[in-house]
Amino acid sequence: MPILYAGTIVLSAFLLFQVQPIIGKMVLPWFGGSAAAWTICMLFFQFTLLLGYLYSHLTSRYLPPRRQAWLHAGLLLAAALTLPIMPSDSWKPSTGSDPAFLLLGLLAATIGLPYFVLSTTGPLVQHWFAQERPGSVPYRLFALSNFASLLGLLSYPLLFEPRFTVKEMSIFWSAGFGLFALFCAALALSGRGRSAMPHTLREDGIAGKPTLRDSLLWCGLAAVPTVVLMAATSHLTANIAPVPMLWVLPLVIYLLTFILCFESARWYRRWLFLPLMALLTPLLIACTTFPSLMPRGIVWPTLLFSTSIFTFCMACHGELARLKPQPAQLTGYYLVIATGGAIGGIFTGLLAPRMFNDDYELTLSCIAAVCIVGAACHHRPAEPMKRGARVKAAVFFTTLVGVLWGANAIWPAIPTIKARNFYGTVKIKDTEPGPSQVRQLTHGTIVHGRQFLEAQKRRWPTSYYGNNSGAGIAIAASRNGAAQHVGVIGLGAGTMAAYCRPGDVYRFYEINPLVLDFAESYFSFLRDCPARKDIALGDARLVLDAEAPQQFDVLAVDAFSGDSVPVHLLTTEAFNIYFRHLKRDGVLAIHISNRYLDMAPVVRRAAETFHRTAFLSQNKSDPVRGTTAATWVLIGQRDKLLQYAGLHELPPAPDVRPWTDDYSSLLEIMK
């Protein structure tokens, strides 16, 4: 029986966390490849976990073992009948709408019941174990569960994603769930005759009943690290790429802190983690406010955010483990923890984008973590740090930093217009007045367009779209005296409209309504354009797929969210759509500038698939013209493009596997 208990918990935890990146990768292309889509997925996982823990708590308290066993066996059968996990095309979002609740509905319909059943396993099986073995400590099973969750997460980017398609992984996962269902049903039905609650557990439950303050601390110590996890993950994925590898790493660290804290008290030391949190908070504020402070490359930002997640979660989970109750209160304890996680998920996924006009939740959660850990230290002091000056100093210092940060956010030194929605934060800043005054649009921490405010300069193509950039070369190479038909995926400030001529037709595809509002209200590129302009709201790939062939002379793909790569716009299936809308002699221009990833080999392999030639364009910045260094890949006829200086053909990339909707991996293209 102990082997069956352990095997059931290990398999359920493994499946519970491995399905998260699998389903995330399935649905991400439908929701713009946005980092917010993963945040909503995490909210769904947290809320469903809460429902699973609530079920475990209520059935353990109010159902006799026989009824509980048959009910759970029935749920396992019903969940198995919903397999395999594969979302229906009917859930694809409509254009211009906030898809948060639609995504939640999709997840509920696709994996809701299997995920719910898996989420009940940890507390329920531990409760059964405590009933059968009075006096035993089931919290080691919690650590075992988290260790299996860790394996489930790590196996995805290291073993499954590089080797298998999403459909194959779905089949493997569904088979694993079937095996779990057999194990769990056997365990449930074998315990039909166990007593409702051993006498010793009943006495322990009465003696160790938690106070309201205990419950509030449990909830807060679970909610705050959830916000830290989700906010830090969102920042990472928004500025690198919303892909499973970067979803998995923060979750692995988060689970590792649970494992360490619940395995043994020796891993968590108050004297170390509380001061470390106080020091990391201002560092995070500085690096998120001024991203240029961060060294180039993927290593340093990943290291900073990983260290921060580990530190803040270790402190909160360490205090949570110190406050754990008697085994008789186990299901209630886990229910409160799950409630805290759900509260943190709802705050980050649904409330923060509607309450705030900027990304404030990471800083707020770091400050809250120091304060709630300080409160836990005073609630139950322990050696070697009692109610000492270090706790008060850390809380005071962090609160002071938070006050200064809040003052700067409310009254910034440079006036800023900003707003936020599901797709991220959009800001407008003007430089100092003068002949070279520039208005700049940023999305996240990345510039997405700028315009000179002086009348004679305001139609200059700036930022990544200068005359000597890949975008400028693509426009020039396709001009033959006739009117041009140009498609642009990603509106930004509307800078590509600077190339408009009378008689031209420009069609822009933009997923974020907020970007369109800012481009029309604060920039004049669209207003000054003498060509006919069409703007299609919605994910460009979904919109293009539904349209008749547009016969573009140029199709420019520049649909970055922050600095992240919209993976679904770089797959073979996406390129098939692009070439369907291009004229035979048209030019496809892909903007691939990125501080962390080298996407040229991916585009080269996609061009090879369609027997096309890809050329690399790299231009330097020119402050006088307002242009920025940029890297583009142009795919078109050789004789058209080779006449332009600075272009050279991309070499073959045999080591990079072509990306498809079923397969993509960032490990191959990291700088």
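Asp-359 comes out as partly exposed, at 43% relative accessibility (buried is under 20% relative accessible area, exposed over 50% and partly exposed in between, with a 1.4 Å probe and protein chains only). The model is a predicted one, in which local features need pLDDT of at least 70 and side-chain atom pairs count only at pLDDT 80 or more, while totals for chains, interfaces and linings use all residues. Residues are numbered from 1 along each chain as its sequence is written, and side-chain values use heavy atoms, with hydrogens and water left out.

Asp-359 has a partner in Arg-420: their side chains form a salt bridge at 3.6 Å, N to O (a side-chain nitrogen of Lys or Arg within 4 Å of a carboxyl oxygen of Asp or Glu). Asp-359 sits in the loop between helix H12 (330–355) and helix H13 (361–379), and Arg-420 in strand S1 (residues 416–421), so the bridge ties together parts that are 61 residues apart in sequence. Helices (H or I, at least four residues) and strands (E, at least two) are DSSP runs, numbered from the N terminus.

Across the whole structure the search turns up 17 salt bridges. Among them is a network that links Asp-358, Lys-418 and Lys-427. Another pairs Asp-528 with Arg-458 at 3.1 Å, N to O. Asp-528 belongs to helix H17 and Arg-458 to the loop between strand S4 (446–452) and helix H15 (470–477), so this bridge ties together parts that are 70 residues apart in sequence. Both ends are partly exposed, Asp-528 with a relative accessible area of 22% and Arg-458 with 34%.

Helix H15 itself is another story: 7 of its 8 residues are buried, so the helix is largely enclosed by the rest of the structure. The buried ones are Gly-470, Ala-471, Gly-472, Ile-473, Ala-474, Ile-475 and Ala-477.

On to the cysteines. The link of Cys-500 and Cys-529 is left-handed, with -95° about the S-S bond. Cys-500 counts as buried at 6% relative accessibility, and Cys-529 is likewise buried at 6%. Cys-366, by contrast, is in no disulfide, and the nearest cysteine sulfur, that of Cys-313, is 9.5 Å away. Cys-366 is buried as well, with a relative accessible area of 1%.

Gln-437 is found in the loop between strand S2 (424–430) and strand S3 (438–443). Its relative accessible area is 17%, so Gln-437 is buried. Leaving aside residues up to four places away in sequence, Gln-437 touches Asp-430, Thr-431, Glu-432, Gln-451, Phe-452 and Leu-453 (contact means heavy atoms within 4.5 Å). Gln-437 and Glu-454 are 17 residues apart in sequence and 7.1 Å apart in space, C-alpha to C-alpha.

The largest cavity holds about 430 Å³ of space, where grid points are joined across faces, edges and corners and a volume is the space filled by probe spheres set on the points. Of its 29 lining residues, the closest to the centre are Leu-16, Phe-17, Leu-49, Tyr-53 and Leu-255. Elements that give two or more residues to this lining include helix H1 (2–27), helix H2 (35–62) and helix H9 (244–263), while H4 makes the largest share, 6 residues. The lining divides into 19 nonpolar, 10 polar and no charged residues (Ala, Val, Leu, Ile, Met, Phe, Trp, Tyr, Cys and Pro count as nonpolar, Asp, Glu, Lys and Arg as charged, and the others, Gly among them, as polar).

Notes. A disulfide is a pair of cysteine sulfur atoms within 2.5 Å. On a 1 Å grid over the protein atoms alone, a cavity is a set of points where a 1.4 Å probe fits but cannot get out, and a pocket is an open set with protein on both sides within 12 Å along at least five of seven lines; lining residues have an atom within 4 Å of a point.
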